[in-house]
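I set out to record, entry by entry, what I looked up in this structure. The entries follow the order in which I took up each site.

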Amino acid sequence: MIRSYALAPLRCVALALLAVLGCVAMLPLMTAVGAVVTYPYVLQLVRRMAGLSRRLASAWGGVRIDPPYRAGPAPAPARRPDGWYELDGQLYKTQRYPAFFLRMKWLGDDPASARDWTWLVLLAPLGGVVVLLAPALVVAGLLLVASVTAPGRRALAATGLTDLVTWPDVVVPGWAVAAAGVGAVAIGVLAGPALLRLHGRWARVWLGDPYLNWWQRSGIGAWLRRGGHDAWKAALLLGLSLTGFAVFLLTLLLTLVSGGFGIAWLAYAIRPMVNHYRRLCVEWGGGAPLPEPYRQREDVSEPGPDGRYRAGRTLYATRDGARRAGFFPWVLGDPATWRDLAWMATAPLTALPAVVPGALIGIGYFGLFWQVVFWPLWAVPLGLITGWWVSPWYIWQLFTLGMPAADAVPGWVSVPIGLALGLLGVLLARPVLRVITGWARLLLSPSRSARLTERVEHLAQTRRDAVDAQSAELRRIERDLHDGAQARLVAVGLSLGTVEQLMDRDPAAARALLAQARETSAAALAELRDLVRGIHPPVLAERGLADAVRALALDAALPVDVRADLPGQPPSPVATAAYFAVAEALANAARHAQASRVGVDIRHTRGLLRVTVTDDGRGGAEPSYGGGLHGLRRRLATFDGTLALHSPPGGPTVLTLEIPCALSSPRTSTC
Amino acid sequence: MRVVLAEDLYLLREGLVRLLEAHDCTVVAAVETGPDLLDALLTHRPDVAVVDVRLPPTNTDEGLQAALTARRQVPGLPVLVLSQHVEQLYARELLADGTGGIGYLLKDRVFNADQFLDAVRRVAGGGTAMDPEVIAKLLQQPTRNVPLARLTAREREVLELMAEGRSNAAIGQRLFLSDSAVGKHTASIFGKLDLAPSDDDNRRVLAVLAYLGAG
């Protein structure tokens, strides 16, 4: 107890020294990170240093911090039969490089790594400054006490320290100075453990599991981060739209030089960028997907009787010529081209406000607020060494240079102003992003006729698929019947005919044949039963979707929980498609996912039948696996249904299918 | 034995009537729709009802629903359900009230008249007759029934037959075992599945099915 109080000021000094050491060590370490080879080793070293902080927080501050690192790295790839090692489609001769890359990815992807850095560069020194309070009080107190005694005063005068301070002209009795000194020492000693604990908590906020501290739990941190990201995205979109504007100007120039040809070439060349912009708008601005609105390029028609190819009103000798000539009407006749150009001409105008949140956050938060935080780290050593003291409000002064009115405002006001500006920037980021993506949506989304064309193409495709699938299904049924039940019934008929003849002459043989005929008919029945199950499960006809899925769940190899909330029945083809999708998902969960439980949820909301199949397996399922999902997707597309597979490595796998449909015959499902 | 028969296919209905009449049964009513079946069951209170799952007018599981409704009003009313396909779901719903007198067979089983009539008599006597396919499906899920994995191959065979509703003597005949050997196996099965032994055939089957169904 006494020992811990006595040691506390020393420990505080040690923590402060360690913080300085860590901060100083960062410079070479950051350089080393740049050289790729040393990257993992540096991160490992940083982890060790953060680990030391964790251990000290536990030993001295009594605050336990569990390392928040992700498990890893992923096991190195196994040797292939041909002797190589594969990682992400790349082959390596030895296991060393894949293992290195995996290690790098593991260390680099972990958000805790970034927090370790922040801690060492910035936050540990901040904590160190606070923690120094205890030893500073003790030293100051000792100096005060020493200044009362004659030898002490002489020694102090000899150091020349007293000349640094201008003492006020008040006569304080010696005993009061001594008492104040003793008091300072006592406070310093008593506050030591508390400060160490405080430091431990401070360390836990940054070095522990981020979800354990209130800042992350409250969601404020996430909200601020999102605002910052939005500001950044808006700035990026501004950059892209400026590129678009440059292309627009170039188009104008080329139009003067080469007429319509220039427009066609440039508008065609810029399409990938505009498409990228479309994707970013959906990804960042949300909302429905923005499909590419461009028309399909039509093939060159077959040559006429004279062997020439026609494009528009011109005849060409070769197919290539006609194709090249068809390029211009194709691009220029597409309204989407002109809408693209209109967007390029106007986008910078709507994107310009993106400057505002970025500037507010940059100047306010990173400038005016962080200037104070950084100040002790560079200005204090600089001042101590060169004697040239920079004001803590240096950025504020930079901005108000030449504004005499600003001198009337005390410098510290810049810090709250900075925070307020940063907050304003965060608040503005989302609306600004909305405006930018909204304008893009207006001009870059397909026009009504383009959408209808797209829809017609989609319907034609799915109808073709449906017809194909149906005829394939009919062929399969025909084959099954022909080779199975039909053949067996022929055999039964033959046996019965023979029995008729044998009945009088050889009753024993007739009986044996009859037994055989009975067995054959039973086999035919079993085959028909399987066939029927594959076409339209009888339980689906008898009980509807919810109970059919329950029956399926009972027959599954895994325990399956079925939850169904269906006030009526979906149309029969939709129910059948959903049923087979669930059957496929359950089979996959049992076969590939190594799952131990599966949950099936069926509900109908706002005109949409939604079925979710969740398993707790190992995840990592590819949408292409088995090809079964592809078939299901095609089957669902006929009803405008969608199928989404979400399966991160490590699970859980969630398969969601949605089919727009109305429910009929309000027959409540039995729960 | 007085029988009520519900079957919508004329040929099969007539065939069943002939088969039952030939084996000392009186078919008091042979109906073809769900509502008629419910009426017949409640007015005639037969010794056993032979019911097709799918009946007009809706051609859904009307027969099953009529049988279940009748059994709610007349607990223990013996019903033998016939179907073109078997579902664990239906087996469970039939057995749910735990009063016995339940049969659930594929329609194919009527091919073998002796076995079919044996099942009819067992159900009429308050016992059970489960189709081997239902039992096979239940037993195919070892991962869902951990205790099942503890059974030996022979014990599984015994359990299968037991679950179909067969007596110890019948099991012995089927597997060429002595009565005492079958008794030993059943005791061992009960032990491994943590079931209290009981002399009552019906309760025994229900317990086994309930246990299997719990997975």
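**Entry 1: D52 of chain B**

I began with D52(B) and found this residue in strand β3 of chain B, which covers residues 48-52. I note that the model is a predicted one. I checked the UniProt record, an unreviewed entry, and it places the feature "modified residue: 4-aspartylphosphate" at D52(B).

For context I looked at chain B as a whole. I recorded ten helices and six strands in chain B. Of its 215 residues, 43% count as buried. Among the contacts in chain B with a separation of 6 or more, 62% come from residues 24 or more positions apart.

**Entry 2: V539 of chain A**

I next located V539(A) in helix α20 of chain A, residues 538-543. I class V539(A) as buried because 24 other C-beta atoms lie within 10 Å. Which residues does V539(A) contact, neighbours within four places in sequence set aside? I found D547(A), A548(A) and A551(A) in chain A, together with E87(B) and L89(B) in chain B. I also noted the C-alpha to C-alpha distance between V539(A) and A551(A): 7.7 Å, with the two residues twelve apart in sequence.

**Entry 3: The five-stranded sheet of chain A**

I traced an open sheet of five strands in chain A, in the order β5-β6-β7-β9-β8 and with mixed pairing. Its edge strands are β5 (560-565) and β8 (642-646) of chain A, each of which pairs on one side only. From one strand to the next, I noted an average twist of 10°. As a reminder to myself, strands of a sheet pair through backbone hydrogen bonds, in either a parallel or an antiparallel sense.

β8(A) pairs with strand β9 of chain A (residues 653-660) in the antiparallel sense, over five bridges. I picked out L645(A), whose bridge partner in β9(A) is L655(A).

I then looked for helices on this sheet. Helix α23 of chain A (residues 628-637) packs on the sheet and touches β8 and β9 of chain A. The direction of α23 makes about 150° with that of β8(A). Helix α21 of chain A (residues 545-555) lies across β5 and β6 (598-605) of chain A, and runs at about 175° to β5(A).

**Entry 4: Helices α2 and α3 of chain A**

How do the axes of α2 (residues 39-59) and α3 (residues 96-109) of chain A cross? I found that they come within 9 Å and cross at roughly 40°. That angle makes α2(A) oblique to α3(A). The crossing in which α2(A) passes α3(A) is left-handed. I recorded the residues that meet: Y39(A), P40(A) and L43(A) in α2(A), and R103(A), M104(A) and L107(A) in α3(A).

**Entry 5: R278 of chain A**

Last, I placed R278(A) in helix α11 of chain A, residues 271-285. I class R278(A) as buried because 20 other C-beta atoms lie within 10 Å. With neighbours within four places in sequence left aside, R278(A) is in contact with L290(A) and L444(A). I also noted that R278(A) and A440(A) are 162 residues apart in sequence, yet 7.7 Å apart in space, C-alpha to C-alpha.

Terms used: Residues numbered from 1 in each chain as written. Chains lettered and ligands numbered in written order. Predicted model: local features only at pLDDT ≥ 70, side-chain atom pairs only at ≥ 80, totals over all residues. Helix = DSSP H or I, 4+ residues; strand = E, 2+ residues; numbered from the N terminus. Buried ≥ 20, exposed ≤ 12 C-beta atoms within 10 Å, placed from the backbone. Contact = placed C-beta atoms within 7 Å. Pairing = 2+ DSSP bridges. Axes fitted to C-alpha atoms, helices over the stretch in contact; angles between N-to-C directions. UniProt positions renumbered as here; feature names shortened; annotations may be inferred. Parallel < 35°, antiparallel > 145°, perpendicular 65-115°, else oblique. Left-handed = near helix turned anticlockwise from the far one by under 90°.
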